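Keep the model in view and try each task before reading its solution.

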Amino acid sequence: MLKKRDTADLLLEAAEDELTANDGQMEMAGVAKRAGVSVGLAYHHFGSKAGLVAAVVDKFYGPLRSISLGKEIPLDLDWSARERARMEATVDYFYSNRLAPLISGRLAREPQVLDIERVHMQALLASGTQNIRQGQKHGVVDETLDPKVTVSLLMGGLRL
């Protein structure tokens, strides 16, 4: 018998498969079929199709936040080397994750995706702003640059 967590994980993986196979579209019946569970169980775990899409997007941002917020990058590097490693890891994540084009593209217009992204983006912007300020203190980043605008431009460029 599957545990509750196992079923939710199966459904998330099936939803990712369904979204990537259908250019960002999915139906709960298709997800349930891929996961080998009933449609009712899919609704039980996520409440709605929108809830499942939101959970997929939230899962996508977990590793990205770990990279961007510093948990994946060694802290013993100097600021420039650490930020280069962080940027490379972020770009690698976007290029290697099959959901990145959908989340940054077609799914970006969906209200449930916007709500989830807003939370993650606020955290990433706050961390990035603080990080740019640290680079300015170390004399690596031009002090005349506005840290919030700079990190916003970097993140926007990365998404595009």
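A pocket here is an open set of grid points with protein on both sides within 12 Å along at least five of seven lines. The structure you are looking at is a predicted model.

**Exercise 1.** Describe the largest pocket: its space, its lining and the elements that contribute.

*Solution.* Start with the volume: the largest pocket holds about 430 Å³ of space. Next, look at its lining, which is made up of 20 residues; Glu83, Arg86, Met87, Val151 and Leu154 are the closest to the centre. Then ask which elements give two or more residues to this lining: they are α4 (49-68), α5 (79-96), α7 (111-137) and α8 (147-159). Finally, sort the lining by class, and you get 12 nonpolar, five polar and three charged residues.

**Exercise 2.** Find aspartate 23 and decide whether it is buried or exposed.

*Solution.* First, locate the residue: aspartate 23 sits in the loop between α1 (4-21) and α2 (28-35). Second, check its backbone: phi is positive, about 50 degrees, although aspartate 23 is not a glycine. Third, recall that exposed means over 50% relative accessible area. Aspartate 23 has 51% relative accessibility, so it counts as exposed.

Methods:
Residues numbered from 1 in each chain as written. Predicted model: local features only at pLDDT ≥ 70, side-chain atom pairs only at ≥ 80, totals over all residues. Heavy atoms only, no water. 1 Å grid on protein atoms, 1.4 Å probe; cavity = no way out; pocket = protein on both sides within 12 Å on 5 of 7 lines; lining within 4 Å. Points joined across faces, edges and corners; volume = space filled by probe spheres on them. Helix = DSSP H or I, 4+ residues; strand = E, 2+ residues; numbered from the N terminus. Nonpolar A, V, L, I, M, F, W, Y, C, P; charged D, E, K, R; others polar. Buried < 20%, exposed > 50% of the residue type's maximum accessible area, 1.4 Å probe, protein only.
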